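Thanks for making time this morning.

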Amino acid sequence: MPSKQTVRLNMKQRNALREIIATGERPARVILRAHILLRSADGWTDDTIAQAFETSVDTVRRTRQRCLERGVLAGLPDQSRDGAPRKLEQEEEARIVALACSDPPRGHGRWTVRLLTEEAVGRELIQPVVPETVRQVLQKTKLGLGKSRVGAMPTSRPSS
């Protein structure tokens with residue numbers, strides 16, 4: 001098991017961490033990491049820190065490690081994440097919207113998300129995707145057709 005690396009904080013770093021904690025204007029994870037670093041620098045064990053702040057020992061170790069690698073204050077915030085890649089290109093999304101604005105196929109009173117997906121894939125307007133992807137595209141555009149939204153379940157009125 002690797003030996004615990006020691007966090008050493010100068011007075012300026014300690015004051016900066018205390019200010020982060022005192023103001024409470026940062027994300028909860030950043031405040032937790034500031035607490036962890038201060039207690040770690042005070043010589044608390046990983047187990048004691050984890051119990052005191054109701055977190056895991058792994059979180060304590062990771063926090064200490066990332067701050068030793070990046071710097072005390074640079075290691076506090078989360079790194080930005082790119083997120084999942086787009087499932088459809090903008091041109092494909094535009095084709096879905098255009099199709100949704102057209103008349104539904106014969107025998108259908110309106111477009112549903114599933115029907116739009118099947119038709120768009122069948123016509124090779126878009127690559128194969130699940131209906132949820134098409135729903136999200138339509139939701140982004142705030143597209144509404146007629147009295148009900150695309151893909152929404154019709155609402156029933158209570159009988160009087």
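**Helices and cysteines**

Let me start at Glu124, which follows helix 6 and has a positive phi, near 60 degrees; helices here are DSSP runs of H or I of at least four residues, numbered from the N terminus. Before going on, please keep in mind that this is a predicted model, in which local features need pLDDT of at least 70 and side-chain atom pairs count only at pLDDT 80 or more, while totals for chains, interfaces and linings use all residues. Residues are numbered from 1 along each chain as its sequence is written, and side-chain values use heavy atoms, with hydrogens and water left out.

Helix 6 itself, residues 113-122, has as its buried residues Val113, Leu115, Leu116, Thr117 and Ala120, where buried means under 20% relative accessible area and exposed over 50%, with partly exposed in between, for a 1.4 Å probe and protein chains only. Those buried residues pack against helix 5 (90-101) and helix 7 (131-141), contact meaning heavy atoms within 4.5 Å.

Turning to helix 2 (residues 28-41) and helix 4 (residues 57-70), their axes come within 10 Å and cross at roughly 85 degrees, the axes being lines fitted to C-alpha atoms over the stretch in contact, with angles from 0 to 180 degrees between N-to-C directions. On the helix 2 side, Arg33, Ile36, Leu37 and Ser40 meet a set in helix 4 that includes Cys67.

Is Cys67 buried or exposed? With 5% relative accessibility, Cys67 counts as buried, whereas Cys101, at 52%, counts as exposed.

How values were computed:
Helix = DSSP H or I, 4+ residues; strand = E, 2+ residues; numbered from the N terminus.
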